[in-house]
Amino acid sequence: MLIKEQLQTLHFSSAEQVTVDFLLHYPEKIADLTIQALAKQTFNQPSTIVRLAKKMNFNGWKDLKKAYLEEWAYLSRHFTKTDANLPFNKTDSIMTITKKMASLEQSAISDIYSLLEHQNLAAIKKMLLESNTIRIFSQNANLLISKDFALKMNRIGKQVLHSDIKGEERYEAYTLTPKDCAIFISYTGENKSLLAVNTILKKNNVPTIAITSIGDNTLSRACTCFLPITTREKLYSKIGIFTSNISIIYLLDVLYAIVFSANYDNNLRQLREKGRVVDKRIINTDIMKEN
């Protein structure tokens with residue numbers, strides 16, 4: 001759940017509600033406010049603001065302010081002209097639909113790129129490189145998307161396995177050790193089956209990566225590292241899962257690329273050598289021909 005949604009839906013005391021109303025109506029004003037300044041602005045005590053932050057699972061005002069400002073900035077940029085749920089309408093021409101879909105997918109990638117951080121990606125790169133086995137836990141369409149990632153990784157010698165037999169995920173989780181790692185893909189971050197698997201992995205000290213929505217969700221808090229999915233789609237009031245799908249594809253491509261780059265020359269050489277032996281397709285287009 002987004003911080004904004006928590007502020008709108010959780011129960012607060014009358015004193016806390018004054019601060020909540022200020023945060024909802026004037027998010028652009030809080031960047032430079034200390035807890036004392038916010039308390040004065042809302043006629044409250046600093047202790048009231050601390051209680052409010054803790055009620056929302058933050059350590060204090062600084063943590064709440066940082067997270068809320070990041071979320072507000074995210075929601076304020078990109079997609080302002082494109083509805084991720086209904087990107088085109090019934091009267092649009094074929095080429096208008098085509099243009100809108102291109103704009104939507106380009107915006108989704110730009111959106112995700114703006115949320116990525118070097119330090120976090122460096123930690124994930126180290127985790128993937130040091131892992132003996134990488135196992136992906138997901139469901140439905142997300143599982144299908146991740147199979148291309150597994151194929152590419154396996155071709156450069158990194159073993160990536162899927163847990164795609166329903167009911168077997170927990171058994172497969174027990175096969176992983178601290179020398180392995182797991183990737184979870186879940187838009188909501190609240191899938192009970194995946195959370196149960198994560199509990200097993202956490203108990204066995206297996207490092208984990210959560211690819212899930214921004215905002216406060218159980219999976220992003222529970223995993224070792226977190227990568228954000230573009231969070232613009234409703235659960236079912238939409239034409240299709242366009243932006244979340246393109247986000248997952250982009251993030252998995254980034255993970256493959258940063259692993260590939262760690263041993264670039266050797267990986268490229270192996271791919272070319274294997275390709276010469278395995279790929280015997282006949283082509284008539286010069287741009288596709290190999291030297």
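Student: Thr133, Arg135 and Phe137 point one way from β1; which residues point the other way?
Tutor: This is a predicted model, in which local features need pLDDT of at least 70, side-chain atom pairs count only at pLDDT 80 or more, and totals for chains, interfaces and linings use all residues. Residues are numbered from 1 along each chain as its sequence is written, and side-chain values use heavy atoms, without hydrogens or water. In a regular strand the side chains alternate between the two faces of the sheet. In β1, the side opposite Thr133, Arg135 and Phe137 is taken by Ile134 and Ile136.

Student: How many residues of β1 are buried?
Tutor: Strands are DSSP runs of E with at least two residues, and helices are runs of H or I with at least four, both numbered from the N terminus. Buried means under 20% relative accessible area, exposed over 50% and partly exposed in between, with a 1.4 Å probe and protein chains only. β1 covers residues 133–137 and is mostly covered, the buried count being 5 of 5.

Student: Which residue of β2 is the bridge partner of arginine 135?
Tutor: Strands pair if DSSP finds at least two bridges between them. β1 and β2 (residues 159–163) run parallel and are joined by 5 bridges. Arginine 135 has as its partner in β2 leucine 161.

Student: What is the handedness of the crossover from β1 to β2?
Tutor: The chain passes from β1 through helix α8 (residues 140–155) to β2. A crossover is right-handed if the path from the first strand over the helix to the second runs clockwise, with the strands pointing away from the viewer. This β-α-β crossover is right-handed.

Student: Which residue of β3 is the bridge partner of isoleucine 134?
Tutor: β3 (residues 181–186) runs parallel to β1, with 4 bridges between them. Isoleucine 134 is paired there with cysteine 181.

Student: Which element supplies the largest share of the lining of the largest pocket?
Tutor: The largest pocket is lined by 26 residues, with Lys66, Ala67, Glu70, Gly215 and Phe226 nearest its centre. α5 (61–76), α6 (94–115), α11 (218–222) and β5 (225–229) each give at least two lining residues. The largest share, 6 residues, comes from α5.

Student: How many charged residues are in the lining of the second largest pocket?
Tutor: Of its 14 lining residues, the closest to the centre are Gly275, Arg276, Asp279, Arg281 and Glu290. Helix α13 (residues 264–278) contributes the most, 6 residues. Asp, Glu, Lys and Arg count as charged. Besides 4 nonpolar and 2 polar residues, the number of charged ones is 8.

Methods
1 Å grid on protein atoms, 1.4 Å probe; cavity = no way out; pocket = protein on both sides within 12 Å on 5 of 7 lines; lining within 4 Å.
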